[in-house]
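Here is a friendly walk through one structure, in questions and answers. Have the viewer open as you read.

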Amino acid sequence: PGALIVDGTFGAGGYTQAILEAGAQVIAIDRDPNAIRDGQALVEQMDGRLALIEGRFGDLASLVDKKLDGVVLDIGVSSMQLDEAERGFSFLRDGPLDMRMEQAGVSAADVVNTMARSDLTRLIGIWGEERKASAVSHAIVTRRNERPFDSTLDFADVVAKAVGSLPKDRIHPATRTFQALRIFVNRELHQLCEALFAAEHALKSGGRLVVVTFHSLEDRIVKRFFADRSGSAGGSRHLPQLAGDAPRFDCPVRKAISASGEAADANARARSAKLRFGVRTDAPAGTEDLSIFGLPNLPAPDGLGALRGGR
């Protein structure tokens with residue numbers, strides 16, 4: 001009660017409501033205009049205990065100028081976005097091939113209809129971790145030469161035929177390619193890296209950073225951040241931790257926390273969720289060194305420029 005918490009991924013407001021019910025004050029951030037619009041009723045109910053800001057959680061440092069008791073990030077696409085066919089995030093129902101969280105800028109259709117095949121292969125292979133990325137990019141280019149893609153089901157069908165499927169497969173063959181496009185269009189991993197550094201600066205001593213991820217690319221970033229900032233990683237390859245450099249986070253639980261069987265049964269989307277957290281120490285914030293994450297150079301979708309850097 002009385003704590004000031006930032007919910008960096010407001011979505012439909014589930015985390016924010018739970019935090020408010022515990023007596024805290026919340027500053028909630030979301031880049032989706034629909035989330036901001038739909039959250040106004042909750043803002044009015046809370047009589048000043050909730051502030052809702054439209055923006056990217058990676059810009060936390062410029063959006064919030066107060067010292068915080070906690071920051072929570074629920075990474076990736078929200079259930080609300082997945083369930084809205086017209087947003088184009090899912091192939092469960094047909095909709096435009098869009099995937100833009102901010103509903104502005106380069107869309108997924110722009111990417112698959114114009115990007116060079118070699119760049120598509122790298123995009124799908126790196127951000128989607130798709131082993132058949134070359135076959136998928138070939139199928140995309142072959143089909144778009146006949147007519148451009150504009151719908152989710154049409155695109156998913158072409159990708160699925162290129163990937164193939166086996167009875168033992170647990171996910172749809174197009175899942176990894178959809179993930180890659182969504183990450184690229186919204187610069188999701190870049191935003192996550194920036195948000196982790198921003199939270200380190202914003203948290204009070206004793207404040208908590210809590211991050212929930214849903215696939216290995218996201219979890220690997222969070223794991224490496226906490227390892228580096230708690231001193232267990234010994235610094236990055238390019239910027240070794242200096243002798244006497246005090247840890248910026250204490251991590252009482254080193255392993256990721258997964259949803260219980262009961263929680264996973266109640267919410268199927270929680271099955272892949274992993275939670276990691278750290279408690280801020282009183283050490284000064286460290287250098288914002290992206291090399292600790294071990295990622296290739298992070299591309300910007302603007303202009304559909306070629307991907308740079310190796311795996």
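**A helix, a pocket and some rings**

Q: Which residue with a positive phi follows H1?
A: This is a predicted model, so the angle is a property of the prediction. Phi is positive here, near 100°, and the residue that follows H1 is Gly23.

Q: Why do the buried residues of H1 lie on the same side of H1?
A: H1 spans residues 14–21, and its buried residues are Thr16, Ile19 and Leu20. In an α-helix there are 3.6 residues a turn, so residues three or four places apart point the same way.

Q: Which strands and which helix are included in what covers the buried residues of H1?
A: The cover includes both kinds of element. Among the strands are S1 (4–7), S2 (25–30), S3 (50–54) and S4 (68–74), and the helix is H3 (40–45).

Q: How many charged residues are in the lining of the second largest pocket?
A: This pocket has a volume of about 300 Å³. Of its 13 lining residues, the closest to the centre are Arg131, Val163, Gly164, Asp169 and Arg176. By class, the lining has four nonpolar residues, three polar and, for the charged class, six.

Q: What kind of aromatic pair do Phe197 and Phe225 form?
A: Both Phe197 and Phe225 are buried. Phe197 lies in H11 and Phe225 in H12, so the pair ties together parts 28 residues apart in sequence. The rings are 6.0 Å centre to centre with 75° between the planes, and planes over 60 degrees apart count as edge-to-face.

Conventions: Residues numbered from 1 in each chain as written. Predicted model: local features only at pLDDT ≥ 70, side-chain atom pairs only at ≥ 80, totals over all residues. Heavy atoms only, no water. Buried < 20%, exposed > 50% of the residue type's maximum accessible area, 1.4 Å probe, protein only. Helix = DSSP H or I, 4+ residues; strand = E, 2+ residues; numbered from the N terminus. Contact = heavy atoms within 4.5 Å. 1 Å grid on protein atoms, 1.4 Å probe; cavity = no way out; pocket = protein on both sides within 12 Å on 5 of 7 lines; lining within 4 Å. Points joined across faces, edges and corners; volume = space filled by probe spheres on them. Nonpolar A, V, L, I, M, F, W, Y, C, P; charged D, E, K, R; others polar. Phe/Tyr/Trp six-rings, centres within 6.5 Å; stacked < 30°, edge-to-face > 60°.
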